[in-house]
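This report describes selected parts of one structure. Please look over the sequence and the structure before reading on.

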Amino acid sequence: MLGLGSYSFRWSVGHKGLVPKVPMTHAQMLDVATEHGLGLVQFADNIPMELLNAEGVQDLAAKARGLGLVIELGTQNFKSEEMLRYIDYARIMDAKILRVALDGPDAKIPVPELAKAFRDLLPQARDVGLRIAVENHFNYPAPRLAQLMREIDEPDVGVCLDVANSICAGEWPTETVATLAPFAINLHLKDYDIVPDPYGVGFAIYGTPLGQGRTDCPAVLDALPKDREINVIIEHWLPKGDDIEQARRVEHIWLAQSVAYARDTLGL
């Protein structure tokens with residue numbers, strides 16, 4: 001299933017203090033997904049469920065059901081109380097995937113200790129039909145994440161494969177995909193380009209809409225296991241630029257272009 005990732009609207013939601021006077025809401029994100037014919041929304045840590053009160057969570061769940069949308073959830077730390085809270089959100093939202101990004105202190109936890117912590121949470125997750133998808137993030141290289149998956153060795157814990165994040169960890173996307181695709185249960189599909197400095201002093205990496213950069217999207221999809229259904233979540237790295245209001249408008253344009261490429265070229 002093709003879905004919308006909330007990081008496609010980084011600037012419309014607000015990021016690192018750059019928050020609009022009227023930020024995009026969870027409910028509005030559902031409406032955007034419906035407008036583009038997408039069947040799923042993954043709410044990540046840039047628009048946490050904690051922004052809603054208990055009634056708001058119930059209302060969002062009802063709206064998603066009314067629109068026929070699947071919900072996935074995401075968080076960016078591995079504190080047990082946070083995980084248990086999101087397992088309860090998943091119960092209310094009928095979410096089947098909880099994406100977890102290991103960053104900061106979590107990235108330093110020894111693999112055996114972290115694997116045990118994941119296994120300890122599995123009974124509660126299984127009670128609500130939830131699988132945990134661990135994302136390769138900036139400070140968690142693919143070989144270490146693959147080691148974690150082998151240590152956990154449970155079908156209800158897998159990888160949320162992001163095709164570009166691990167560039168920051170010193171990996172090229174082809175290496176990341178080859179290492180983590182066997183464990184994937186969720187996919188963050190984004191595109192990027194590498195632009196040389198005009199004076200020859202290095203280069204910069206910028207996001208692009210799908211199909212306009214260097215990500216070999218067909219090869220990524222071909223590398224995924226064929227024995228499981230893996231939802232494809234559209235994200236992007238739209239630069240803020242000098243005009244953040246313009247960036248917020250362009251987020252909608254990039255989403256439309258990415259959806260068109262995913263549908264017309266990738267057949268999603």
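## Basis of the model

This is a predicted model, in which local features need pLDDT of at least 70 and side-chain atom pairs count only at pLDDT 80 or more, while totals for chains, interfaces and linings use all residues. Residues are numbered from 1 along each chain as its sequence is written, and side-chain values use heavy atoms, with hydrogens and water left out.

## Helix H4

Helices (H or I, at least four residues) and strands (E, at least two) are DSSP runs, numbered from the N terminus. Helix H4 covers residues 80-93, and its end C-alpha atoms are 20 Å apart. This agrees with the span of 20 Å that 14 residues should have at 1.5 Å a residue, where the expected span is 1.5 Å times one less than the number of residues.

Residues of H4 that are buried include Glu 82, Met 83, Tyr 86 and Ile 87, as well as Tyr 89, Ala 90, Ile 92 and Met 93. Buried means under 20% relative accessible area, exposed over 50%, and partly exposed in between (1.4 Å probe, protein chains only). The buried residues of H4 pack against helices H3 (54-67) and H5 (111-127) and against strands E3 (70-75), E4 (97-101) and E5 (131-135).

## Helices H6 and H7

Two packed helices are described by the angle between their axes and the distance between the axes. Helix H6 (residues 142-152) packs with helix H7 (residues 173-180) at an angle of about 5°, and their axes are 9 Å apart. Axes are lines fitted to C-alpha atoms, for helices over the stretch in contact, and angles run from 0 to 180 degrees between N-to-C directions. H6 is therefore roughly parallel to H7 (angles under 35 degrees).

From H6, Ala 142, Pro 143, Leu 145 and Ala 146 make the contact (heavy atoms within 4.5 Å). From H7, Thr 176, Thr 179 and Leu 180 take part.

## Two residues with positive phi

Most residues other than glycine have a negative phi. Asp 94, in the loop between H4 and E4, has a positive phi near 55°. Asp 94 counts as partly exposed because its relative accessibility is 47%.

Asp 153 lies in the loop between H6 and strand E6 (157-162). Its phi is also positive, about 55°, and Asp 153 is exposed, with a relative accessible area of 60%.

## Cysteines

The structure holds zero disulfides (pairs of cysteine sulfur atoms within 2.5 Å). Cys 160 is in no disulfide, and the nearest cysteine sulfur, that of Cys 217, is 15 Å away. Cys 160 counts as buried at 0% relative accessibility, and Cys 217 counts as buried at 0%.

Terms used. Angles under 35 degrees count as roughly parallel, over 145 as roughly antiparallel, 65 to 115 as roughly perpendicular and the rest as oblique.
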